[in-house]
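Biologist: Hi! I'm new to this one, could you walk me through it?
Modeller: Happy to, here it is.

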Amino acid sequence: MKKYVAEFIGTFILVFVGTGSAVVLGGYTGGTDTGFLGVLAIAFAFGLSIVAGAYAIGHISGCHVNPAVSLAVLISGNITVKEFGGYVIAQLVGAFAASSLLALVNSSSTSLEGYGANGYGELSAVGLNLTGALIVEVVLTFIFVLAILGVTSSKSTSHMAGIVIGLTLTLVHIIGIPLTGTSVNPARSLAPAVFAGGDALVQVWVFIAAPLVGAALAALIFKSFFTVKEETGIEVAGESGIDGAGN
């Protein structure tokens, strides 16, 4: 049960800080004409929230805080189907709790609005279409999850996993925010879309399906080609599981 409580807290932190920063900063434009500075600020908010979560709860649950990451761990053979279900439920509850609190914050302000939902077409800052959104989310999730699997697969690198994973999440947000708002996380996308409603809710299937596909591809490729040998000479793939704190 500790793992699921940890996943709830970690996902809450990620969604509240990440989507909250998008609301406060006005999304892609940063509210005024700050442009890329707004993107950087939001990207680092997401990335740093993962760093915080990794070192806070990584030793308990691995700090997945993302159903796509949990799927990759399942495919890698490091959690059971039952555990996967528990992780996803905890992550979704944490995301909805975060969006609920953000709604309360919005209602307490005279100017804040929105929930940091993802989108394409008119909801994309650059007008990216459906096909583009699917490609972007699959590729960005693939990059993100592959980095996680790589850094946590060896004891020689797992100690810096929190920083590496946080910076990789920042990286994919820098390019992804203008395109789709960057999902790479079904829980992070579903809760804001439900609260936002309208086109955001209609389009949310893209930001659930594409990250899961990207994560599955990363896990399958890593398991097939990128296993590593520890000092014992035994081949392992993701030996320590997906542990944001490198444990």
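Biologist: Thanks! How many helices and strands make up the secondary structure of the protein?
Modeller: The protein has eight helices and two strands. Helices (H or I, at least four residues) and strands (E, at least two) are DSSP runs, numbered from the N terminus. Along the sequence the pattern reads α-α-α-α-α-α-α-α-β-β. Before we go on, this is a predicted model, where local features need pLDDT of at least 70 and side-chain atom pairs count only at pLDDT 80 or more, while totals for chains, interfaces and linings use all residues. Residues are numbered from 1 along each chain as its sequence is written, and side-chain values use heavy atoms, with hydrogens and water left out.

Biologist: What is the average pLDDT of the protein?
Modeller: The average is 88, and 88% of the residues score at least 70. pLDDT is the predictor's confidence in each residue, from 0 to 100.

Biologist: And where is confidence lowest, and where highest?
Modeller: Strand 2 (residues 235–236) is lowest with a mean of 38, and helix 7 (residues 186–196) is highest at 97. Residues 231–241 stay under 50 in pLDDT, and the model has 27 contacts for them beyond four places in sequence. Contact here means heavy atoms within 4.5 Å. Residues 243–247 are also below 50. Where pLDDT is low, the predicted coordinates should not be read in detail.

Biologist: Good to know. What share of the residues is buried?
Modeller: Buried residues are 51% of the 247 in the protein. Buried means under 20% relative accessible area, exposed over 50%, and partly exposed in between (1.4 Å probe, protein chains only).

Biologist: In the largest nonpolar core, which residues touch the most other members?
Modeller: Those are Phe144, Val145, Ile165 and Leu169, in a core of 44 residues. Helix 5 (130–152) is one of the helices that each supply at least two residues, and helix 5 gives the most, with eight. A nonpolar core is a set of buried Ala, Val, Leu, Ile, Met, Phe, Trp, Tyr and Cys residues joined through side-chain atoms within 4.5 Å.

Biologist: Switching topic, how many cavities of 30 Å³ or more are there?
Modeller: There are two. On a 1 Å grid over the protein atoms alone, a cavity is a set of points where a 1.4 Å probe fits but cannot get out, and lining residues have an atom within 4 Å of a point. Grid points are joined across faces, edges and corners, and a volume is the space filled by probe spheres set on the points.

Biologist: Which residues are closest to the centre of the second largest cavity?
Modeller: Leu14, Asn66, Leu169, Val184 and Asn185, out of 13 lining residues. Helix 2 and helix 6 are the elements that give two or more residues to this lining. The volume of the second largest cavity is about 60 Å³.

Terms used:
On a 1 Å grid over the protein atoms alone, a cavity is a set of points where a 1.4 Å probe fits but cannot get out, and a pocket is an open set with protein on both sides within 12 Å along at least five of seven lines; lining residues have an atom within 4 Å of a point.
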